[in-house]
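Please examine the structure shown below before reading on.

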Amino acid sequence: MSLSNLNEFITLLKKNNELMVVDTPVDANLEITEITDRVCKHDGPALLFTNVKNSEYPVLINALGSIKRMELALEAPLDQVSKRLSKLIDMRPPEGAWGKVKMLPMLAELGAIFPKKVKSAPCQHTIIRGDDIDITKLPILKCWPDDGGRFITLPCVFTEDPETGVSNCGMYRMQEFSKNTTGMHWHKHHGGAQHFQKAKEMGLDKLYVSVAIGAEPVVTYSATAPLPDGINEMLLAGFLRNKPVEVVKSITNDIYVPAESQIVLEGYVDIGSETTEGPFGDHTGYYSLADQYPVFTITCVTMRKNPIYQTIVVGKPPMEDSFMGLATTTIFLPLIKTQLSEVVNLYAPMEGTFHNMLFVSIDKKYPMQAKKVMTSIWGLGQLMFTKMIVIVDANVDVTNTSEVLWRMSNNVDWKRDTVILEGPLDALDHSSPMPLWGGKIGIDATVKWESEGHTRAWPDPISMDEQTVASVDKIWSEMLDNGLGSFIKLENRPI
């Protein structure tokens with residue numbers, strides 16, 4: 001049975017011993033961040049703060065901060081989700097009557113993922129308008145000492161293309177400016193910003209926006225997913241949970257939002273308004289600098305009964321968003337394989353903070369194939385932001401950073417095996433001399449062939465023979481029991 005709302009997810013987290021309820025009084029000003037950061041760095045649980053100073057609303061944080069909790073949110077192991085997506089991608093026109101019959105389950109599944117419009121919704125139990133609007137009463141976090149203020153950090157921001165009406169849901173931080181205004185930190189590469197730019201070109205004076213906080217966990221995840229332009233994120237959410245997302249029309253505009261959200265902020269972004277937003281301690285582990293961004297004016301706030309404020313803290317990895325990124329690389333691997341069939345696996349290590357580093361293993365079949373793959377990846381959607389791509393052979397475990405670095409340090413001739421070029425970079429990149437673009441590197445760490453100009457012999461990596469390994473396996477447990485276990489770590493060797 002699919003999770004219908006955040007409350008059910010909290011119950012599921014409790015049942016699986018993945019949630020700690022904190023009754024101790026805490027401050028949304030820095031204290032919650034410091035607690036959460038310590039918990040994240042020690043692989044700790046989700047946290048539900050029930051006694052936040054100066055606010056009546058509890059705070060849920062780190063709810064998606066592990067692979068297990070991501071899988072609970074999606075109600076399936078990540079590899080199963082990936083396989084379902086792969087089956088969808090591989091659908092072909094059926095041959096014969098039996099082929100059509102076999103396709104019926106998948107077709108029925110697809111028919112059940114479109115958002116379902118409802119006339120009333122839990123998220124509109126309480127409606128606040130006009131002078132009664134006061135978002136300062138929400139337990140919005142000031143995360144880091146040099147932040148420019150308090151930030152809403154886990155909002156599902158809904159906009160519509162002013163020309164086509166196509167909906168988009170993105171996740172863009174929102175700095176609190178006053179009781180009824182925030183910043184709208186959308187980068188020009190993202191859907192919301194593109195709708196804003198189109199509204200500006202059409203001569204409109206405002207773009208209507210609705211923001212859902214604390215939607216169903218699969219909706220919150222989908223807002224971060226790198227979908228192709230024009231694909232509604234609610235379709236992905238419906239697919240992931242095998243059930244349509246119920247949506248309801250906003251009170252003061254025509255935008256539909258998830259009906260089971262905890263809190264919804266309705267309003268508009270003034271086309272002519274920009275103001276200083278930031279700094280903000282970002283997922284890169286550095287402060288993103290203050291810059292000019294549009295102002296979001298709130299015209300209505302709606303809430304469900306006894307709402308919970310869900311938020312996130314980002315910073316030096318590992319943090320909660322690190323696991324959302326890991327889920328994305330697993331789930332969307334089939335999509336990449338449709339473009340690049342030789343790709344075996346890929347992994348974005350946490351240290352790369354999503355867009356700085358990507359490890360890719362390939363089934364290498366011809367000379368210079370690694371360079372072909374890296375240049376192709378730079379042409380795939382948001383992967384264009386990747387600053388470093390390392391290509392390895394199919395037998396390398398790309399999720400093992402130690403192994404990838406070992407292969408790279410041994411297999412690469414830096415003059416022959418690197419590609420350096422300029423291209424788009426994420427707006428948060430501070431290292432490039434110019435905003436939004438700069439240098440990036442591709443590294444071919446595969447075994448080199450004679451046909452690639454490597455005429456010297458290539459050595460085999462060291463490994464023990466199977467007979468000796470099997471012989472030692474028989475006495476290994478006895479050695480551990482006799483005292484060796486107290487001297488060594490039992491995790492697998494790095495390489």
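The crossing of α1 and α3 is right-handed; a crossing is called right-handed if the near helix is turned clockwise from the far one by less than a right angle, and left-handed if anticlockwise. Helices (H or I, at least four residues) and strands (E, at least two) are DSSP runs, numbered from the N terminus. The model is predicted: local features need pLDDT of at least 70 and side-chain atom pairs count only at pLDDT 80 or more, while totals for chains, interfaces and linings use all residues. Residues are numbered from 1 along each chain as its sequence is written, and side-chain values use heavy atoms, with hydrogens and water left out.

Helix α1 covers residues 6-15 and helix α3 residues 67-74; their axes lie 10 Å apart, at an angle of about 135 degrees. Because of that angle, α1 is oblique to α3; angles under 35 degrees count as roughly parallel, over 145 as roughly antiparallel, 65 to 115 as roughly perpendicular and the rest as oblique. Axes here are lines fitted to C-alpha atoms, for helices over the stretch in contact, and angles run from 0 to 180 degrees between N-to-C directions. On the α1 side, Phe9, Leu12 and Leu13 make the contact, and on the α3 side Arg69, Leu72 and Ala73 do; contact means heavy atoms within 4.5 Å. Five of these residues are nonpolar, none is polar and one is charged. In this scheme Ala, Val, Leu, Ile, Met, Phe, Trp, Tyr, Cys and Pro count as nonpolar, Asp, Glu, Lys and Arg as charged, and the others, Gly among them, as polar.

Helix α3 also packs against helix α9 (residues 320-331), where the axes come within 9 Å and cross at roughly 65 degrees. This crossing of α3 and α9 is right-handed. Ile67, Met70 and Leu74 of α3 meet Phe323, Met324, Leu326, Ala327 and Ile331 of α9. The contact of α3 with α9 holds eight nonpolar residues, with no polar and no charged ones.

How many cavities of 30 Å³ or more does a search of the whole structure find? The search finds four. On a 1 Å grid over the protein atoms alone, a cavity is a set of points where a 1.4 Å probe fits but cannot get out, and a pocket is an open set with protein on both sides within 12 Å along at least five of seven lines; lining residues have an atom within 4 Å of a point. Grid points are joined across faces, edges and corners, and a volume is the space filled by probe spheres set on the points.

The largest cavity holds about 100 Å³. It is lined by 13 residues, and Ser322, Pro349, Met350, Thr353 and Phe354 are the closest to its centre. The second largest cavity holds about 50 Å³, and its lining includes Arg69, Pro318 and Phe323.

The second largest pocket contains about 760 Å³ of space. Among its 33 lining residues, Asp291, Gln292, Tyr293, Ala427 and Leu436 lie nearest the centre. Helix α6 gives the most to this lining, with five residues.

Lastly, the backbone. Most residues other than glycine have a negative phi, and most peptide bonds are trans. A cis peptide bond, however, joins Gly278 and Pro279, and another cis bond runs from Pro317 to Pro318. Asn54 has a positive phi, near 65 degrees, and is placed in the loop between β2 (46-49) and β3 (59-61).
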